[in-house]
Amino acid sequence: MDLPEIADRWPATDPAHGSVTLRAFRPDDAGMARDLSRDPYVPATGTLPLNATPAQAQQWIRRQQTRHTEGAGFSFAFVDTTEGHCAGFTGLWVRELHAGRAQIGFGIAPPFRGRRLAADALRALTSFAWTLPELHRTELYIEPWNTASIRTAERAGYLHEGLLRSHQEISGRRRDMLVYSAVRP
Ligand SMILES: CC(C)(COP(=O)(O)OP(=O)(O)OC[C@H]1O[C@@H](n2cnc3c(N)ncnc32)[C@H](O)[C@@H]1OP(=O)(O)O)[C@@H](O)C(=O)NCCC(=O)NCCS
């Protein structure tokens, strides 16, 4: 299926909520990307190599910068506005935009965890999602052991809908996934 045309849909104003602002990735986010790559779960669920070198971190950043021009979705870096540093990423993936649905992913570099920043990022991204008139539903797929992600979803107002058994393979093993969603207010 063709990817949607979203190259001109990047937000004019950076989405923000609470302590977090979402913005386009920049080359100087490479330090955050390298920190992120040291948590094996992040490389297992995306394209960032484990223990990324500076060059691999830059390549990952360049891939994020072109996600919306190629139609895959919107990949944001997010900044902790109280401290001023880039703490993580969040993406709105819109391959199912024609059906009114999108999926969301997020991650925080280990040094910046423990302050519930992901919930603010998720709220900011979800508000941005509703500026796309075609979208009616945003979804999170979370492994049942991932309590930090479950708490993030609930704190951001997402509702638990069920368990998809053996939904996808991660690191060579089929995984169950909890589904959480938000629907257009
Ligand atoms: C999920 C993630 C983004 C959350 O980061 P964060 O915003 O810093 O989250 P916090 O550490 O502040 O924790 C949020 C909540 O989870 C709880 N929590 C965190 N780690 C936990 C653990 N190991 N066990 C139980 N609860 C935990 C916290 O107590 C907090 O709960 P509360 O809001 O009820 O007090 C981060 O852990 C991460 O990047 N993980 C790896 C990538 C990932 O799993 N992404 C999501 C894929 S669906």
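## Close-up views of the ligand and its pocket

**View 1. Residue classes in the lining of the largest pocket.** In this predicted model, the lining of the largest pocket is made up of 19 nonpolar, 14 polar and 10 charged residues. The lining has 43 residues, and those nearest the centre of the pocket are Thr45, Phe89, Gly105, Phe106 and Gly107. The pocket holds about 1,400 Å³ of space.

**View 2. Helices and strands that line the largest pocket.** At least two lining residues come from each of α2, α3 (54-70), β4 (85-93), β5, α4, β6, α5 and β7 (159-170). Strand β5 gives the largest share of the lining, 6 residues.

**View 3. The ligand in the largest pocket.** The ligand takes up the space of the largest pocket. Around the ligand stand 21 residues, and Ile108, Arg116, Asn146, Arg151 and Arg155 are the closest. By class, the shell around the ligand consists of 9 nonpolar, 6 polar and 6 charged residues.

**View 4. Helices and strands in the shell around the ligand.** Each of α2 (41-44), β5 (101-108), α4 (117-129), β6 (137-142) and α5 (147-155) contributes at least two residues to the shell. The largest share of this shell, 6 residues, belongs to helix α5, whereas in the lining of the largest pocket the largest share comes from β5.

**View 5. Contacts with oxygen atoms of the ligand.** Asparagine 146 has a polar side-chain atom 2.8 Å from an oxygen atom of the ligand. Asparagine 146 is also one of the closest residues to the ligand. For arginine 113, a polar side-chain atom lies 3.3 Å from a ligand oxygen atom. At arginine 115 a backbone N or O atom is placed 3.3 Å from an oxygen atom of the ligand. On its own the ligand has 960 Å² of accessible area, and the protein covers 70% of that area.

Definitions and conventions: Residues are numbered from 1 along each chain as its sequence is written. This is a predicted model: local features need pLDDT of at least 70, side-chain atom pairs count only at pLDDT 80 or more; totals for chains, interfaces and linings use all residues. Side-chain values use heavy atoms; hydrogens and water are left out. A residue is near a molecule or strand if one of its heavy atoms lies within 4 Å of it. A polar contact is a pair of N or O atoms within 3.5 Å; within protein, one must be able to donate a hydrogen and the other to accept it, and residues adjacent in sequence count only if both atoms are side-chain atoms. Accessible areas come from the Shrake-Rupley method with a 1.4 Å probe; for residues, only the protein chains shown count as cover. On a 1 Å grid over the protein atoms alone, a cavity is a set of points where a 1.4 Å probe fits but cannot get out, and a pocket is an open set with protein on both sides within 12 Å along at least five of seven lines; lining residues have an atom within 4 Å of a point. A molecule sits in a cavity or pocket if more than half of its atoms lie within 2 Å of its grid points. Helices (H or I, at least four residues) and strands (E, at least two) are DSSP runs, numbered from the N terminus. Ala, Val, Leu, Ile, Met, Phe, Trp, Tyr, Cys and Pro count as nonpolar, Asp, Glu, Lys and Arg as charged, and the others, Gly among them, as polar. Grid points are joined across faces, edges and corners, and a volume is the space filled by probe spheres set on the points.
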